[in-house]
Each structure stands twice: as C-alpha cells, then as structure tokens.
2 protein chains.
Amino acid sequence: MRSYSIGELAKEFEVTPRALRFYEDKDLLHPTRNGMHRVYSYKDRGRLQLILQGKNIGFSLAEIRELLDVYNLEGPRVQMERMLERYQAQVVKLEKQRSDIDGALAQIKDHMKVIDDHLAKPSQETLRQERDRIFNSSNSAPKAAE
Amino acid sequence: MRSYSIGELAKEFEVTPRALRFYEDKDLLHPTRNGMHRVYSYKDRGRLQLILQGKNIGFSLAEIRELLDVYNLEGPRVQMERMLERYQAQVVKLEKQRSDIDGALAQIKDHMKVIDDHLAKPSQETLRQERDRIFNSSNSAPKAAE
DNA sequence: AAAATACTTGACGTTGACGTAAGGGTAAGG
DNA sequence: CCTTACCCTTACGTCAACGTCAAGTATTTT
C-alpha cells in the first residue's frame, strides 16, 4: 500500500500531471499533501483507473464524478436509493453503448469481408463493374435499384 | 425512398438543424439543394444514423468521417488496403471499449447488489457498522484491512 | 554554488462540437 | 397584406478537457 507522487502516477497511466491536477480541481481526486506536494494513495490510484476507464467509455468528467460518488457509498439511506436509480440509468446507457458497438463491429467486419473479397478474387460482378468503368458501357441490366 | 427537409430529419433524430449544417460543413453529409434549401435523401438519412451511432460510441466527427469514407468504398485498390488497416484498428478500439463497458457493467451491477442488500435486509455486519457509527464504539476486531 | 529535476499555483490559449444571435428569403394561411 | 413557419448564411459565444507558459519553491546532482 505505497503512495505515489503526481509524476509517478501520471507516467504509469500515461497522462500528464496537469490532467491529475485538473481532475482534482473537478473534485474527482483528493490526494493528501506532504507540505505542498500531492501524495496519492493506493485508493487514489484506483480512482484514477476508474476515471480513465470512464473516459474511455465516453463519459464526461461530470458523469464520472457522479459514478465515483456512488461507488464510494456516500450519504445516508435516502440518498442511496437515488443513487440506485442513477446506477440503473447508467446501466441502460452502457448497455445501449454496448449494443451500438456490437452493431458497429458487425457492420465493420461485414464490410471488411466485402472489401477483402473485392481485393482477393474479383468476382464476375466486380469484373463487369470494372469493365463498365473502363469502357463506360453502362448498358447491361441493373440487378438492383440503387 | 422519400426525401427530407433539414427540420424533419433533425426532429426525427432529436438533433438540431444547426448540427446537421455543422456535419455538412465538416463534410460528413452532402445533401442536395432545391434552390437554396437542403434536401436529404434516404441515403443521407442512413449516413446521419451512422454518424450519431459513431458519436454514441465515442468517436470524434473526424474519425466518423473516415469511417464513412471507408464505408462508401471510395478510391482505388491501394487506398482500400489502407482502409482495411484502419478498420482493423477500429475493431481493436471498439473491442477494447466493449470490454471496458463490460467491466463497468459488472462493477456497477455488483455494487448495486451490495447497496440493494444493504437497504433491504441489513445484515449483522451492516448493523454492527451502524452501531459503530452511532455509538462511535470502534473497538471490535477489524475483519479486513481497509 | 550552479544546474538540473520535480513539484507548486495561477492564468491564458486551444480544440471540438455545437449554441445563439443577427439579418434576410419564401410560401402558406388568416 | 401581414404574420407565422421554415429555411438560409455569417459570425461570434460557449463549454469541456485539458495544453502551455510563467514564475516560484524544494531537493538532488555535478
């Protein structure tokens, strides 16, 4: 359970010290001080990890701040129920993002295959298109409406 | 295969006309004109859908623009191979995001369960914590290091 | 002792993705 | 004929998330 300087932590997670100070300014991190120097605990390191994960998923720092608050079990019972609702909303959001990603992946992979085929073994169709492009002879019957 | 005015499309996708004009300015959309008014085709509508999905997944408009270009099979063979590489990179990126989301979902759901239990049927442990908080009697043996 | 290194707090600059206000065109409805 | 409803372009404003100096402090290395 060691502690970290701002530089160490920044380097480990490949962010700048400026970013860490910014997160502190935005109330996402609360390192202690040794004199005037910031000291990050192991827990702070964990929080930073969560922050960066959150960013990666596309949350704003404000949203991440809320998530961190919830994650820390702050406040009395009544607040917790509100947090549960927020969590639920986040779950919905995340699951939508996930399905969006799945959709995007499917499309991309599908399209990659199309290009791949296109490059590897040009089909009759492809050849015909090529010929059409070269000789500009667009008099063959169109298969499907464009 | 109808066409749309900027307002119709904006309302359908819950964005502002300004956003659509902005996307056009950034070369993401290319509606035709009827006089000076923009006319969006069904294909344009599809592109817009892709744009918004991309945004949702956390891509910048610049990145989305590239994806759209690739998606449109523009350019000759040599370019396509470069695009395949980019696609591959995007796949990696997306799959990482997906696993990040899965991680986040797992954590959140786990934590929701903790809170839920905490609220529903306060366990012995919870009650002890409560008592400790109220009477400030922190002399019982700590189970795990915090 | 001087220089390099790592930290500090301001404070202004930057980029992306629009918002918003200003000024004007056109077509339908009362 | 005037208002309402959309549409247009131009241009400045805004907010998030830092980047980038500037100017100073403390420690360590040469």
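Which polar backbone atom is 2.9 Å from a phosphate oxygen of DNA strand D? That atom belongs to A:Leu61, in a predicted model where local features need pLDDT of at least 70, side-chain atom pairs count only at pLDDT 80 or more, and totals for chains, interfaces and linings use all residues. Residues are numbered from 1 along each chain as its sequence is written, chains are lettered from A and ligands numbered from 1 in the order in which they are written, and side-chain values use heavy atoms, with hydrogens and water left out.

**How the two protein chains are related**

**The interface between chain A and chain B**

- In this interface 38 residues of chain A are in contact with 37 residues of chain B, where contact means heavy atoms within 4.5 Å.
- The copies meet through the same surface, because 97% of the interface residues of chain A are also interface residues in chain B.
- Between them the two chains bury about 4000 Å², 67% of it on carbon and sulfur atoms (buried area is the accessible area, with a 1.4 Å probe, that two parts lose on being put together, summed over both).
- Across the interface of chain A and chain B there are 4 salt bridges, each a side-chain nitrogen of Lys or Arg within 4 Å of a carboxyl oxygen of Asp or Glu; A:Glu95 forms a salt bridge with B:Lys109, with the closest N and O atoms 3.2 Å apart.
- Helix 3 (42–57), helix 4 (61–71) and helix 5 (77–120) of chain A each give two or more residues to the side that touches chain B (helices are DSSP runs of H or I with at least four residues, strands are runs of E with at least two, and both are numbered from the N terminus).
- The largest share of that side of chain A, 27 residues, comes from helix 5 of chain A.

**DNA strand D**

- Of the 16 residues around DNA strand D, those that come nearest are A:Thr16, A:Lys55, B:Ser5, B:Arg21 and B:Arg38, a residue being near a strand if one of its heavy atoms lies within 4 Å of it.
- Sugar or phosphate accounts for 71% of the atoms of DNA strand D within 4 Å of the protein, and bases for the rest.
- Phosphate oxygens of DNA strand D lie 2.9 Å from a polar side-chain atom of A:Tyr23 and 2.8 Å from a polar side-chain atom of B:Arg21.
- Helix 2 of chain A supplies the largest share of the surface near DNA strand D, 4 residues.

**DNA strand C**

- DNA strand C is surrounded by 17 residues, of which the closest are A:Ser5, A:Arg38, B:Thr16, B:Tyr23 and B:Lys55.
- Of the atoms of DNA strand C within 4 Å of the protein, 68% belong to sugar or phosphate and the rest to bases.
- A phosphate oxygen of DNA strand C is 2.6 Å from an N or O atom in the side chain of A:Arg38, and a backbone N or O atom of B:Leu61 lies 2.9 Å from a phosphate oxygen of DNA strand C.
- The largest share of the surface near DNA strand C, 4 residues, comes from helix 2 of chain B.

Definitions and conventions:
Polar contact = N/O pair within 3.5 Å; in protein donor to acceptor, adjacent residues only side chain to side chain.
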